Amino acid sequence: MTITLIPDQPESPTNRPPSMHRLRTWLRRPYARHILIWTVVIGFLLLPLAWLMLAAMNQTGAPASEIMKDIEQTVFVFTIVSIPITAFVFAVLLYSLVGWKQVSGDEPPMQDSPAIRTNRIGVILWTFVSSALAFFLVVWGLIELAQITANSYGTISADQQPGDNNSVIVNVTGQQWVWTFAYPQHDGIVSNVLYLPIDKPVYFNVTSKDVIHSFWLVELGVKIDANPGAITQTGVTPNKEGVFNLRCAELCGMHHAYMETEIRVVSQEVFDAWTREMGGMRTS
Amino acid sequence: MSVIHNVEVPQPTQHGAAGGIMRRLNFGTGLAGGIGLAAIFGIITSQFVPTGASSAVTFAPIEGDLVYLAVLLGWVIGFMAGMGAFIGPIRWVLGREETHEDAEYMAGKDMGKSRYWKYTTDHKVVGIQYFIVTLIVFGFGGTLAMLIRTELGVTWSEVFSPSFYNAIIGTHGIAMIIAMIIVISGPIGNFIVPIMIGARDMAFPRLNALSLWLLVAAVPCLISSLFLGGMRDGWSAYQPLIAQAPSGVLGYQITIIVFAISTGVASVNLMTTILTMRCKGMTWSRTPILVYGIFAASLMGLYAFPFYQYSQILSLSDRIFNTSFFNPLEGGSVWLYENLFWLLGHPEVYVILIPSMAIMMELIPVFMRKPLFSYNFAIAGIVGVVALSGLVWAHHMYMTGWAPAANYPFMLSTEMISIPVGFLVLVVIGTLWRGTAWTRLPLMAVYAVIFNKMIGGVTGVYLSDVPADQYFHGGMFVVAHFHYMLMGAGFFGAMGGIAFYFPKMTGRILDERLGSIGLWTTFIGFQITFGSMFVAGLQGQPRRVLQFDEQFNISNWISTIGAYIIGIGVLIFLAAIIFSWKSGVVASGNPWGSKSLEWQTPTPVPLDNFAVLPVVTERPYEYGVPDPLDAELEPAPEEQLESAGTR
């Protein structure tokens with residue numbers, strides 16, 4: 001086995017300066033530094049939005065379930081991720097108005113601007129960064145989607161629902177303009193207010209008698225359409241006691257605005273008392 | 001060596017005056033024909049066709065449906081006949097050839113203002129007509145918007161009955177969608193694009209007139225529906241809710257069916273023109289970006305609108321003939337309707353947005369005196385959006401329970417679309433980069449568009465994501481988001497485009513001061529209205545409701561105040577348009593110092609646009625001087641040569 005030795009040779013001279021040098025030269029230009037600073041400043045100004053959005057969502061007691069927690073986490077992360085790129089675009093916008101030259105007047109300006117036809121590094125960098133961000137958002141979204149599908153028992157079909165004492169099945173029927181909740185495990189008691197025991201998986205079988213409604217448990221982060229002639233499944237495990245909102249989220253005719261009711265998430269004892277009072281048999 | 005023979009070309013002989021019966025037809029005869037035939041159809045149907053519960057067969061079960069349908073069809077056919085839309089085909093069947101004089105008459109040669117009231121084929125006349133129709137539809141939709149916000153601002157009582165409120169939200173939606181679709185492709189696509197590519201007219205001048213007058217025929221159908229109970233089901237007109245709707249919904253369906261034909265005709269015409277009629281030397285890499293934008297919008301319209309049309313035809317047939325395409329109790333599917341509808345619904349958004357982005361990219365080089373940054377990247381962005389636009393429709397159906405497994409791929413494709421849209425954003429900010437901003441009204445509109453577009457784009461990312469959409473779907477957040485896209489980007493882009501092309505289209509400059517006041521008032525009002533609407537959405541307010549819990553009161557009050565500011569701003573802008581059109585400063589041929597072809601023609605543009613057809617010899621946007629800062633980074637040319645030699 002022979003080893004070929006490559007003799008040391010002086011590097012062939014390239015007159016293209018090394019990339020670090022080019023970056024340093026570029027950063028020495030005042031506008032580059034200004035825009036970077038402005039981006040950071042605007043980014044920090046936008047940053048509170050991430051919390052303000054959650055504050056607005058939490059006004060009425062959310063998150064009251066693991067699903068809603070996942071949703072809020074997603075909203076938070078997406079806000080954080082989109083702030084740098086938004087801040088950069090806003091910084092360039094602002095700088096192009098007040099930082100670089102500006103002319104007014106009725107006649108077209110005599111002086112033309114530098115003819116920057118393209119910038120290979122800029123284009124590649126932008127494509128790479130925006131694709132990476134999009135890729136991150138997709139991956140995050142897919143994982144979260146799998147997560148909330150599992151948390152809302154979306155993978156369990158109607159005939160697989162356990163129906164034992166450790167879970168509650170609620171058959172939800174939408175009709176213009178009321179929601180009806182039937183509890184088949186409790187002698188089929190029927191209610192217009194959604195009572196749920198805390199920390200127990202709840203399976204919803206949702207359907208409609210007339211038009212499309214949308215079954216929205218606002219603070220629990222559950223939403224699924226109630227379609228006539230079809231049953232859609234979803235579910236949730238409420239983990240916070242309280243009174244929450246249930247609204248219809250699909251235009252369903254004249255009194256769509258009034259098609260709302262209460263969700264009462266209560267302790268197991270209160271739930272049992274309620275079912276007894278409504279005439280259902282005792283569980284647990 | 002070739003010999004040129006003098007061959008007598010046989011000319012068709014002229015019978016009577018040029019134009020023939022066309023001379024007697026105008027908008028007046030169109031109205032008369034439409035109303036007349038509508039009355040005839042209506043009387044015949046009401047007298048001789050048994051309908052309603054009394055009829056033996058279950059046919060058009062809702063009282064009055066059939067009569068209204070007949071009236072609408074009579075109006076459309078009669079109006080088109082009265083305008084002279086059928087003259088061409090009839091003459092062709094009878095074997096009468098069109099002479100040169102006929103063609104000139106049809107194009108409105110030497111006819112003064114009356115040509116705007118006729119079935120005129122000249123693309124410049126059609127462009128102006130489109131502009132007027134757009135303003136009318138905007139006025140209609142905008143008035144309804146003010147009514148909606150009034151209802152939502154008055155939180156202590158119901159101003160309108162719930163059914164009328166539902167009617168105005170649906171009608172506002174579809175009126176604005178129609179207006180936004182035509183606002184750039186109509187006036188600017190028809191007036192400017194043929195000149196921009198160096199053609200004398202569109203490829204099919206008569207189809208051009210046809211598309212415009214079909215639109216004019218469709219608009220009264222929509223307005224009439226408000227008086228017959230309206231379409232109370234949102235602009236999406238979901239089944240089976242519309243089965244309960246009063247007859248007014250037929251007005252919506254006929255509008256869509258006719259409008260889809262109009263759009264199809266216009267799309268084919270624009271695409272053919274752009275493909276085949278670019279002047280000598282205008283290769284694809286020398287074609288201005290606006291032309292690409294209009295082409296992309298036409299292409300998407302061409303495949304999206306048939307879905308919409310079919311969905312409405314099937315829906316109409318469910319109603320009139322008791323078929324059950326969408327009736328789940330008789331084997332139909334509500335999800336089928338939703339799919340057909342959103343197969344239109346999403347490409348349609350890009351039909352609106354791409355021309356507005358293209359207008360921006362067309363404007364910035366002129367006002368920044370720079371070439372467009374990375375022209376190829378801009379085309380790649382447009383191609384990417386067009387390619388993905390047809391693959392994302394079911395993101396409107398995440399929560400329908402239609403196919404939970406389909407949520408995964410549709411989330412993927414939807415979030416991918418942010419990459420090509422990002423390309424366009426880079427092109428825009430790259431063109432702004434280090435430019436000298438000539439701060440005129442059109443450029444200011446561009447700034448407004450980019451600002452709104454960023455907010456709309458970022459909020460769109462939340463909605464493209466299934467978990468976040470599970471909270472936002474069907475709520476005010478969605479409403480705020482799409483208004484940022486359609487109004488914030490689309491409408492402000494149209495304002496910029498109109499301000500930019502106003503001198504070419506009307507011969508006068510749009511009043512800078514009044515126009516700017518209008519633009520910025522609208523912009524501020526817009527931020528107030530839809531910014532606080534985001535808050536209402538985050539708090540959990542569903543859309544399309546007229547009453548809501550007290551916690552939403554404050555954001556709705558703010559929203560309503562903002563909406564009135566928008567109303568004032570738009571009226572100021574409209575005043576600027578009207579005053580400038582009547583008595584503005586007369587514009588020279590090229591007031592912006594632009595280098596593209598449309599500004600090289602005299603103003604007003606002569607009938608056949610160019611005395612001699614131009615030849616294009618360079619890329620568009622050849623503005624700018626060599627960059628003085630380049631010397632710092634790039635080696636001098638002789639050094640480059642040396643280094644190449646040593647390698």
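Student: Which residue stands opposite A:Q175 in β3(A)?
Tutor: This is a predicted model, and in it A:V178 of β3(A) is the residue opposite A:Q175.

Student: How many residues lie between β2(A) and β3(A) in their hairpin?
Tutor: Two residues lie between them. The strands β2(A) and β3(A), the latter covering residues 178-183 of chain A, run antiparallel and are joined by five bridges.

Student: And in what sense does β2(A) pair with β6(A)?
Tutor: The sense is parallel, with seven bridges between β2 (residues 168-175) and β6 (residues 202-208) of chain A. Within that pairing, A:I169 has A:Y203 in β6(A) as its bridge partner.

Student: What is the strand order of the open sheet that contains β2 of chain A?
Tutor: The order is β4-β3-β2-β6-β9 in chain A, a five-stranded open sheet with mixed pairing. At its edges are β4 (189-191) and β9 (232-236) of chain A, each of which pairs on one side only. From one strand to the next, the twist averages 25°.

Student: Let us turn to the open sheet with β5 of chain A. What is its order?
Tutor: That open sheet has five strands in the order β5-β11-β10-β7-β8 in chain A, and its pairing is mixed.

Student: Why is one side of β5 and of β8 of chain A left without a neighbour in the sheet?
Tutor: Strands β5 (194-197) and β8 (222-226) of chain A stand at the edges and have a single partner strand each, so one side of each has no neighbour in the sheet. The average twist here is 20° from one strand to the next.

Student: Which strands does helix α6 of chain A touch?
Tutor: Helix α6 (residues 268-278) of chain A packs on the sheet and touches β5 and β11 (260-266) of chain A. The direction of α6 makes about 135° with that of β5(A).

Student: How many bridges are there between β7 and β10 of chain A?
Tutor: There are three bridges, in the antiparallel sense, between β7 (residues 213-217) and β10 (residues 242-248) of chain A. One of the residues concerned is A:L217, whose bridge partner in β10(A) is A:L246.

Student: Now the domains. What does the assignment give for chain A?
Tutor: The domain assignment gives domain 1 of chain A as 27-100 + 121-151 and domain 2 as 158-278. Their C-alpha centres lie 35 Å apart. Ten residues from domain 1 of chain A and 13 residues from domain 2 of chain A make up the contact. On the side of domain 1 of chain A that touches domain 2, six residues are nonpolar, three polar and one charged.

Student: What are the domains of chain B?
Tutor: In chain B the assignment gives domain 1 (18-108) and domain 2 (120-599), with 30 Å between their centres over C-alpha atoms. Here 19 residues of domain 1 of chain B are in contact with 20 residues of domain 2 of chain B.

Student: Which helix gives the largest share of the domain 1 side in chain B?
Tutor: Helix α2 (residues 65-83) of chain B does, with ten residues on the side that touches domain 2 of chain B. That side of domain 1 of chain B has 14 nonpolar residues, four polar and one charged.

Student: In what sense do β1(A) and β1 of chain B pair?
Tutor: They pair in the parallel sense over two bridges, with β1 of chain B spanning residues 437-438. The bridge partner of A:Q102 in β1(B) is B:A437.

Student: Finally, is α14(B) largely enclosed or exposed?
Tutor: Of the 15 residues of α14(B), 14 are buried, so the helix is largely enclosed by the rest of the structure. At 1.5 Å a residue, helix α14 (residues 418-432) of chain B should span 21 Å, and its end C-alpha atoms are 21 Å apart, which agrees. Just after α14(B), B:R434 has a positive phi of about 60°.

Definitions and conventions:
Residues numbered from 1 in each chain as written. Chains lettered and ligands numbered in written order. Predicted model: local features only at pLDDT ≥ 70, side-chain atom pairs only at ≥ 80, totals over all residues. Pairing = 2+ DSSP bridges. Helix = DSSP H or I, 4+ residues; strand = E, 2+ residues; numbered from the N terminus. Axes fitted to C-alpha atoms, helices over the stretch in contact; angles between N-to-C directions. Contact = placed C-beta atoms within 7 Å. Expected span 1.5 Å × (residues − 1). Buried ≥ 20, exposed ≤ 12 C-beta atoms within 10 Å, placed from the backbone. Domains from an automatic or database assignment. Nonpolar A, V, L, I, M, F, W, Y, C, P; charged D, E, K, R; others polar.
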